[in-house]
Amino acid sequence: MSKPIRIAVVGMGKIAHDQHLPAIHADPGLELVATVSRRGESVGDLPHFNDITELAASGFEVDAVGLCTPPQVRWAIAQFAIEQGWHTFLEKPPGETLSEVIALQEAAKAQRVSLFASWHSRYAAGVEPAREWLSKRTIERVTITWREDVRVWHPGQTWIWEPGGFGVFDPGINALSIATRILPSPFFVQRCELDMPSNRDAPIAARVAFRDTSGAVIDMDLDFRQEGKQSWDIVVRTDSGILTLSEGGSVLHVDGTTDSPRGLDLAGEYPGLYRRFADIIREGISDVDLRPLRLVADAFLCARRIEVEPFVE
Ligand code: NAP
């Protein structure tokens, strides 16, 4: 058996702790060897470095990095990692802008390292069965409802409200990562409204109308102000039945029949992501699908902005 891929995790926040560390530990093909954390967070006796340049300067050997920082700082860290010859796993969204991710793709190609733009929601249990079922049908209408309570899911994450933080599109882009995977035809933005808190630089809610190339209408409703029941649902009406993907892609219903009964749980998604990362490293390829980010960029491009009341956490 080949040696495990030696990984350093960069940015020891919520997703690093909740998902990256357990997924790496559980995979015999991977070995966590170091952490990079501005606050000096380490794991057990493993070495930690305050930033990625310190890791490189130390001469400590790694094969790959998993970048779990906010999107606004991801390009500089990823570019540096690629220059070191390290395979690079980008949390979603893969960058603050499209052009910087394209630049990373080119850098990774030149350095012959694997770049992975991860979309964790695509690894939810219902997504591949949904794609298969929809591939044989004509899509008539799609409704995406992604409404969650930002105070519950993103406490203290000030970066989400800053320029380049995506606001409600931080979770909303997960819905688009699923929709671009399961819907058979390409689709594009027609109209967008953004609700902008008067004291913030990113939207707290958004309504986006898309259509696909065969004429189906796709409506997306995103809201960070949801209290009580949370919704991460995609409903697809087709010429022969209705498909519902709920709980962020993990529960699939086709005409009322439950196909994959699981609660909302990212736990199955990250092992799948890291398996894919290890596979592309072994194959010597990159995996970068820009479509979800492109749709969000287009939504911002054509949006009508509506000022709403200030958001105070
Ligand atoms: P978070 O809890 O705020 O953690 C981000 C970490 O990045 C911070 O703890 C910090 O770690 C580091 N960091 C913050 N600002 C930085 C800066 N200016 N320069 C360098 N490092 C910085 O955020 P998160 O929820 O883990 O989200 C991180 C990424 O994962 C986002 O892109 C998000 O969309 C994605 N994601 C999050 C979730 C979720 O459930 N939270 C799920 C899937 C994907 P150190 O102090 O250790 O350096």
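## Ligand site and domains

In this predicted model, a polar side-chain atom of Arg-39 lies 2.6 Å from an oxygen atom of the ligand.

| Residue | Protein atom | Distance to a ligand oxygen atom |
|---|---|---|
| Arg-39 | polar side-chain atom | 2.6 Å |
| Lys-92 | backbone N or O atom | 2.8 Å |
| Gly-13 | backbone N or O atom | 3.4 Å |

On its own the ligand has 880 Å² of accessible area, of which the protein covers 84% (Shrake-Rupley method, 1.4 Å probe).

The ligand is surrounded by 22 residues, the closest being Ser-37, Arg-38, Arg-39, Gln-157 and Asp-170 (a heavy atom within 4 Å). Nine residues of this shell are nonpolar, six polar and seven charged, with Gly counted as polar and Asp, Glu, Lys and Arg as charged.

The chain is divided into domain 1 (5-117) and domain 2 (125-258 + 297-308), with bounds from an automatic or database assignment. Nine residues from domain 1 and twelve residues from domain 2 form the contact (heavy atoms within 4.5 Å). Their C-alpha centres lie 28 Å apart. Each domain supplies at least three residues to the ligand shell.

Residues are numbered from 1 along each chain as its sequence is written. Local features need pLDDT of at least 70, side-chain atom pairs count only at pLDDT 80 or more, and totals for chains, interfaces and linings use all residues, while side-chain values use heavy atoms, without hydrogens and water.

Note on methods. Polar contact = N/O pair within 3.5 Å; in protein donor to acceptor, adjacent residues only side chain to side chain.
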